[in-house]
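Q: I have a structure open and would like to go through it piece by piece. Can we start with a term I will need?

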Amino acid sequence: MSPAEKPSGLLIDLDGTLYHGNIMIEGADSLISMLRQREIRYLFVTNNSSATPETVANRLREMGIPAEADDVCTSSQAAAAYIAQEMNEARVFPVGEAGLLDALSKAGLPIVEDEPDIVVQGIDRQLTYERIAAAVRHIRSGARYILTNPDVLLPSDTGLIPGAGSISAILQKASGISPTVIGKPSAILMNYALERLGRKAEDVWVIGDNPATDIAAAQASGCRSVLVLTGLATEANYKDLLQQAGCSADEIITDLHQLIRWFG
Ligand SMILES: [Mg+2]
């Protein structure tokens, strides 16, 4: 890679970029150590809405990647910040797990079961038909519908499992309403991350393995993009994936060492 100017901040994807499952991807620990030494600002930006930043940071540390909760930026945090900004003191009906509930309560948003202003939905692996029915009833009664992230499938120990996007398909079908999407490829998560980073989009690189989410979100928010071929995108498929996503990456690298070398 040979970009003209070094960035003043990085927004780094997690799954497929820094790790696979519970295994660190080669170079991830060195990359983060180098950024810390050079005092280059970065955040881990994840569409995952189920885990709290503390849980994500613990998981990274267990794999050998230096991380603090403050380094983590989740779609749940961005959703809570978006709701608080759009509609101060909105009453929220959540469909989600600990990461979403934690982000809503930290943003000071009242959580209600009846007559909410907003239904916010992420992945919920304990979801019941009753809760789906309540969410649909609220949306049909005029509550605004916000989706933490549109991922249809996600990796697990037992293979691919339905994600927040698949649950959303039920709510959309039943309510006839399309949600406001917060996570990648939406610019909302990236704009929230840029604000926390304290950097302008043009000075920031987004590093990720998925053209349809990471690279598209970089493009939507005006950041530069670096596609790393260690996860979803590989040497064999990346051109097709970029074309399907209708976007182009500013830089394409085969592994994280290339990025470390480039910082020199
Ligand atoms: Mg990824």
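Predicted model: local features only at pLDDT ≥ 70, side-chain atom pairs only at ≥ 80, totals over all residues.

Q: OK. Is Asp209 buried or exposed, then?
A: Asp209 has 5% relative accessibility, so it counts as buried.

Q: And Asp13, buried or exposed?
A: Asp13 is buried as well, because its relative accessibility is 10%.

Q: Which protein donors does the magnesium ion have?
A: Asp13 and Asp209 each give an OD atom, and Asp15 gives its O atom. These donors lie 2.1 Å from the ion. Along the sequence, the donor residues follow the spacing D-x1-D-x193-D.

Q: Where do Asp13 and Asp209 sit in the fold?
A: Asp13 is in the loop between strand S1 (9-12) and strand S2 (19-20). Asp209 is in the loop between strand S12 (204-208) and helix H8 (211-221).

Q: Switching to strands. How do S7 and S8 pair, parallel or antiparallel?
A: Strand S7 (residues 118-121) and strand S8 (residues 144-147) pair in the parallel sense, over four bridges. Opposite Ile118 you find Arg144 of S8.

Q: What does the chain pass through from S7 to S8?
A: The chain goes through helix H5, residues 129-140. This β-α-β crossover is right-handed.

Q: How many bridges join S8 and S11?
A: Two bridges, and S8 and strand S11 (residues 180-181) run in the parallel sense. For Ile146, the bridge partner in S11 is Thr180.

Q: What about aromatics, how many pairs are there?
A: The structure has four aromatic pairs. One of them is Trp205 with Trp262, a tilted pair with 5.0 Å between centres and 40° between planes.

Q: Which parts of the chain does that pair tie together?
A: Trp205 is in strand S12 and Trp262 in helix H10 (residues 256-263), so parts that are 57 residues apart in sequence are tied together. With 2% relative accessibility, Trp205 counts as buried. Trp262 is buried too, at a relative accessible area of 16%.

Q: What about Trp205 and Phe263, how are their rings placed?
A: Their centres are 6.0 Å apart and their planes are at 55°, so the pair is tilted. Phe263 is in helix H10, 58 residues from Trp205 in strand S12. Phe263 is buried, with a relative accessible area of 4%.

Q: Which residues make up the aromatic cluster?
A: Trp205, Trp262 and Phe263 form one cluster.

Q: What lies over the face of Trp262?
A: Lys6 does, at 4.7 Å from the ring centre.

Q: Last topic. Where is Asp255?
A: Asp255 is in the loop between strand S14 (251-253) and H10. At 27% relative accessibility, Asp255 counts as partly exposed.

Q: What is Asp255 in contact with, apart from its neighbours within four places in sequence?
A: Asp255 is in contact with Val228 and Thr230.

Q: And how far is Asp255 from Asp71?
A: C-alpha to C-alpha, Asp255 and Asp71 are 22 Å apart in space, and they are 184 residues apart in sequence.

Technical notes. Residues numbered from 1 in each chain as written. Heavy atoms only, no water. Donors = N, O, S within 2.8 Å, 3.2 Å for Na, K, Ca; no water. Buried < 20%, exposed > 50% of the residue type's maximum accessible area, 1.4 Å probe, protein only. Pairing = 2+ DSSP bridges. Right-handed = clockwise from strand over helix to strand, strands pointing away. Phe/Tyr/Trp six-rings, centres within 6.5 Å; stacked < 30°, edge-to-face > 60°. Lys NZ or Arg CZ within 6 Å of the ring centre and 35° of its normal. Contact = heavy atoms within 4.5 Å.
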